[in-house]
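Please look over the sequence and the model below, then read on.

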Amino acid sequence: MSQLIECVPNFSEGRRQDVMEAILAPLKSKKGCYLLDSRADVDHNRLVVSLAGRPDAICDAVLKAAKIARDHIDLNVHHGAHPRIGAIDVIPFTPISGISMEKCVELAHSFGEHYYNELDIPVYFYEEAALKPERRRLEVIRKGQYESLKADVKNPDRHPDIGKPELHPTAGATVIGARKFLVAFNVNLNTTDVEIAKSIARHLRASSGGFTSVKAIGLALEEKGLVQVSMNLVDYESTAMYRVLELIKAEAARWGVTVNGTEVYGMVPSAAILESSAYYMQIDDFKRDQVLEIKLLELMGKEEDA
């Protein structure tokens, strides 16, 4: 069976269309690398790309895109709502088929070495690929963001896993790792009071005693005149999207605030959406293979394997 992985590189650029198109070009043209989704946000000032394909093809395409990002993004003048320490902020690998998580960890480590040698951007490893237990959590590595890390990187506790104890002068550092499928789920609130979003985020995230698989921050979306609870659901099977949304609604109601809308950023497993759909539609005993297209794909796959 051929190896198939997902990769979701995040670039610190969400406003200059020409730069984003240049970054995406090698991701669109590399054989064996499939661009599933790309989306940018002005407030976050961030481009999130979802790729799937062969590990070698994805690594080659991402390296080329990273070189373009390095040459066009200067974090010294970059501003956005989303935390970041690098022009190429994070590069996670996720196993899909024919490859184990352990092999994705090996891939992250070997790619990180090659990445530093080619781009001269220091690398931190996170999640399953972390070399230090405390660095499994991305937010620990990104503490203080680029502006603080420029000085803190000289502290032995914050030395990169690969590279000298200094950041690239314009591109910062990159966090590379291996992890499960992640659902980037954002909820917008009808208020401009960012403290409400921050308070709700504290109630949600695992580090504050909330849901075990949720990372959350509160952000101001100045272009939209709203605030947002921005989340990563790192294990959608243990924490359903509808449970998170219902708690946000309940917490927001304390301030007389309502939900303006929600966003799923990037790709999402069908099971995550179907579970919440069944909940809100009150469908009893709903199963994934009741979806026509999913059942057809499964049957077609069996025929091809026969």
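Which residues touch the most other members of the largest nonpolar core?

## Basis of the report

This is a predicted model, in which local features need pLDDT of at least 70, side-chain atom pairs count only at pLDDT 80 or more, and totals for chains, interfaces and linings use all residues. Residues are numbered from 1 along each chain as its sequence is written, and side-chain values use heavy atoms, with hydrogens and water left out.

## Nonpolar cores

The residues are Ile-88, Ile-91, Phe-93, Phe-111, Tyr-115 and Ile-176, in a core of 57 residues. A nonpolar core is a set of buried Ala, Val, Leu, Ile, Met, Phe, Trp, Tyr and Cys residues joined through side-chain atoms within 4.5 Å; buried means under 20% relative accessible area, with a 1.4 Å probe and protein chains only. In soluble globular proteins, nonpolar side chains tend to be buried together.

Leaving out residues up to four places away in sequence, Tyr-115 touches Leu-63, Ala-66, Ile-88, Ile-91, Asp-120, Ile-121, Val-123, Thr-174 and Ile-176; contact means heavy atoms within 4.5 Å. A second, separate core has 23 residues, among them Val-187, Ala-216, Val-227 and Leu-233.

## Helices α1 and α2

Helices here are DSSP runs (H or I, at least four residues), and strands are runs of E of at least two, numbered from the N terminus. Helix α1 (residues 17–29) and helix α2 (residues 55–72) have axes that come within 7 Å and cross at roughly 160 degrees. Therefore α1 is roughly antiparallel to α2 (angles over 145 degrees count as such). Axes are lines fitted to C-alpha atoms over the stretch in contact, and angles run from 0 to 180 degrees between N-to-C directions.

On the α1 side, Val-19, Ala-22, Ile-23, Pro-26 and Leu-27 meet α2 residues including Ala-61, Ala-65 and Ile-68. By class, this contact of α1 with α2 has ten nonpolar, one polar and one charged residues. Ala, Val, Leu, Ile, Met, Phe, Trp, Tyr, Cys and Pro count as nonpolar, Asp, Glu, Lys and Arg as charged, and the others, Gly among them, as polar.

## Helices α2 and α3

The axes of α2 and helix α3 (residues 101–119) come within 11 Å and cross at roughly 35 degrees. Among the α3 residues that α2 meets are Phe-111 and Tyr-115. The contact of α2 with α3 has nine nonpolar, one polar and three charged residues.

## Gly-266

Gly-266 is in the loop between β11 (259–265) and α8 (270–281). Gly-266 counts as buried because its relative accessibility is 12%. Its C-alpha atom is 6.0 Å from that of Asp-37, 229 residues apart along the chain. Apart from neighbours within four places in sequence, Gly-266 is in contact with Asp-37, Arg-39 and Ser-50.

Definitions and conventions. Parallel < 35°, antiparallel > 145°, perpendicular 65-115°, else oblique. Buried < 20%, exposed > 50% of the residue type's maximum accessible area, 1.4 Å probe, protein only.
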